[in-house]
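The sequence and the structure are shown first.

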Amino acid sequence: MDGTVLTGEDLYSLFTNGYRNLKQNASIVDALNVFPIPDGDTGKNMSMTWLGGIENVDKEEKSAGKMAKAFSKGTLLSARGNSGVILSQFVRGFSQGIKELDVVTPPDFILAMEKASQKAYSAVAVPTEGTMLTVMRECIENTGVQDADYTEFSPLFTDIIKGMKKSLLNTPNILPCLAEAGVVDSGGAGLLYIFEGMNMALQGHMIEESEMEEDTAETPEEFFTPDSKRRSMRKRHVRYAIVAAASGEGMIEYFKNEGVLAVIDGGQTNNPSAKAFVDAFKSVDADHIIVLPNDGNIILTAKQAAKIFDPEKVHVIETKSMAEGYSAMSMVDYSLPTVDALIHEMTHYLPNVTTGYITTATRDANINGVDVKEGAYVGLTDDILSCDTDITEATLKMFASLPDIDDKQVVTVFYGKGISEEDALSLGDALMEKYPLLEFGYINGKMDVYSYMFAIE
Amino acid sequence: MASFAILTDSTSDLSPDLLERYNIDYAPMNYTMGDAEYPALLDWSIHSAKEFYDFMRQGIIIKTTQVPVPVFESKFEQYLKEGLDVLYVSCSSALSGSYATSLNVAKSVMAKYPGRKIRCVDSLISSFGEANLAIVAYEERNKGKDVDEVADYLESIRLTRNQFATVENLEYLKRCGRVSATSAFFGNFFGIHPLIISDKIGQNYAIRKIKGAKNVIPELVEEVKAAVVNPEEQTLYISHADNAEQAIAVRDAIMAEVPFKDSHLGIIGPIVGASVGPGTISIYVIGKEVTVQGGAS
């Protein structure tokens, strides 16, 4: 990319990076929905639409015109939602603007942008100002770029992006419902992320595909109007913030409900990246961040992230399971005067926590003297302790082989996906019959891999 | 002849024999079950303690009301007529409006008896912490002090009465708003037992959590050890809400490690009982001045 013209391959890079930047910030765009309910999907719709374009091209296509045409066709087919349809029409106008050209110069690009916004306007029966349409138009019309004499793309993109931002921030002044909700237009924000990504590509910075996996960036302050209620709701300074990794829909929800400010979804394998932790740290505003990795395999990742982010501020409590994380959370008392006192409370009972799991064996084996049969239920702590085709039997045998079960007092039963509350309670009844002095509690953890997880304390 | 009468209220949880031994009278508050209202008598002559706490265990909602104005009026006048002054040791003003009411009633009653005096002292605690201050008043009166001297003295020492309590179910305290703690403190966790102190403004304050029922007694022993001053000169007071077995276990554990002169076990009366719930154990010792204050309740 020499910066003075764009070839087909250059456009491919710009489109791709535009997608990656949008994808990375899709949840921010989603969150700019007018209604205060979590149903926003503008970011998702726009990124799916844009991705359809990328997937439809031959990335080695030399001609800019042909590249844009194929890209446009792809976006038309994959367009979803109002924002996606408008975006695909915008791309269509742009591609028509350069269809004869093998290389595009800055003046060509400006003309194509004007065509693009006209096409986008024509896609809507009654165009509404204060939406992404306005941003598409004003970024050219109001910046005077048509009259400037650009020989390079870099200053052109800088000016277009500046214009987009200005136009975007003005949307609440045009559209009352945005002002009421205290946000800027979400489609316009999505467009800005695309162009910022394209500009990054122009500067030679391609976003790594691996950097895209997490979408936890925080909404920029300026995307909220000055008196927006969301501004204050968004991020509140706290003395202590707890960040935890978890997997399983119910577990994630549980940790959130119990005051974990950022839950990192570890996915089925519960193996989030250091970046995911760093992003989570960035998402909170606290004097001290306490991290619960909740898995023996991600303690090092969490520690590395803490080192990268701010080793003074971030404290990792080495919880080896979500059950340990639960136990640590149960002792939280934010009124404690120092972070050391809080960590002391959270870790005080940890050595006493045994985590038990019930899952299904994937193959026959003989481990730790237990005869494991494929498909049967396996009870395990750090070792495999029991196996039985009956889930209750497997559980009872596992409990029976815990050496310190008589010293335990409280068992919290987390039941996984596919286990009903009734199932969990009847398993608890069987345990209670055997261990009448234990206290039992139940939480619907909706874990993927384990039928049950037990915090035995 | 005593120069003044000592009056307390239903939250002192003083048993009839202690009331008699220390020559203490009390102004009853009321409790209501459904439409029926009963005076909160410390001799349990209306409902037995067992009956009362079983009602609560069955989920019957018991509400409480402060000492009614006519009760204060008749108690105060009764003594003033006899030529006695009155010292009223009240339930913590953070837990009951009785103290505030008593000040008003005292003013109007005193106007009718020139030269006589009613002093109302906010104990900033309840149960045996409050009772202990009333007993101290008895001892100080025996030394020949007048009502003002004793009232001033009580106000100077009240914050040295330390409370350490654990409840079986926090719902009761939460429901009547008589505990200070953030909602994050309670959370949805199992096997957590809060430790509740009476803070420096007389609120019940859930100061920390104890995990597992078996850890409760050792932790209580540690709290008592850390707070107590001159245990050999004082009685260990423990009150319980129909949970004698655990109260005895707590007493034995503390007495084994801390050299109290002796100990006294008693039942938490209906007013305190209605707000803490069955199973509660509450320990009172004289010790370091309480300086902690919880957040808004």
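## Salt bridges

Over all chains, the structure holds 31 salt bridges, a salt bridge being a side-chain nitrogen of Lys or Arg within 4 Å of a carboxyl oxygen of Asp or Glu. The model is a predicted one, in which local features need pLDDT of at least 70 and side-chain atom pairs count only at pLDDT 80 or more, whereas totals for chains, interfaces and linings use all residues. Residues are numbered from 1 along each chain as its sequence is written, chains are lettered from A and ligands numbered from 1 in the order in which they are written, and side-chain values use heavy atoms, with hydrogens and water left out.

In chain A, Lys408(A) and Asp404(A) are paired through their side chains at 3.4 Å, N to O. Lys408(A) is buried at 4% relative accessibility, while Asp404(A) is partly exposed at 28%; buried means under 20% relative accessible area, exposed over 50%, and partly exposed in between (1.4 Å probe, protein chains only).

In chain B, the closest N and O atoms of the salt bridge between Lys50(B) and Asp54(B) are 3.5 Å apart. The two residues are four apart in helix H2 (residues 49–57) of chain B and are therefore separated by about one helical turn. Helices (H or I, at least four residues) and strands (E, at least two) are DSSP runs, numbered from the N terminus. Lys50(B) is partly exposed, with a relative accessible area of 47%, and Asp54(B) is likewise partly exposed, at 23%.

Another salt bridge of chain B joins Arg208(B) to Glu223(B), at 2.9 Å from N to O. Because Arg208(B) lies in strand E10 (residues 204–211) and Glu223(B) in helix H9 (residues 216–227), this pair ties together parts that are 15 residues apart in sequence. Glu223(B) is buried, its relative accessible area being 19%. Elsewhere, Lys117(B), Arg119(B), Asp148(B), Asp152(B) and Glu155(B) are joined into one network by salt bridges that share partners.

## Helices of chain A

Helix H1 (residues 8–24) of chain A has 17 residues and reaches 24 Å from its first C-alpha to its last, close to the expected 24 Å; the expected span is 1.5 Å times one less than the number of residues. Of its 17 residues, 14 are buried, so H1(A) is largely enclosed by the rest of the structure. Helix H15 (residues 322–330) of chain A is mostly covered, with nine of its nine residues buried. Among them are Met322(A), Tyr326(A) and Met329(A).

## Cysteines

The structure holds zero disulfides over all chains, a disulfide being a pair of cysteine sulfur atoms within 2.5 Å. Cys120(B) is in no disulfide, and the nearest cysteine sulfur, that of Cys91(B), is 14 Å away. Cys120(B) is buried at 8% relative accessibility.

## Positive phi angles

Most residues other than glycine have a negative phi. Asn294(A) has a positive phi, near 60°, and is placed in the loop between strand E3 (286–292) and helix H14 (299–309) of chain A. Asn294(A) is buried, at 2% relative accessibility.

In chain B, the phi of Trp44(B) is also positive, near 55°. Trp44(B) is in the loop between strand E4 (36–39) and H2, and counts as buried at 18% relative accessibility.

## Domains of chain A

Chain A is divided into domain 1 (8–211), domain 2 (235–350) and domain 3 (354–456), with bounds that come from an automatic or database domain assignment. Taken over C-alpha atoms, the centres of domain 1 and domain 3 of chain A are separated by 52 Å.
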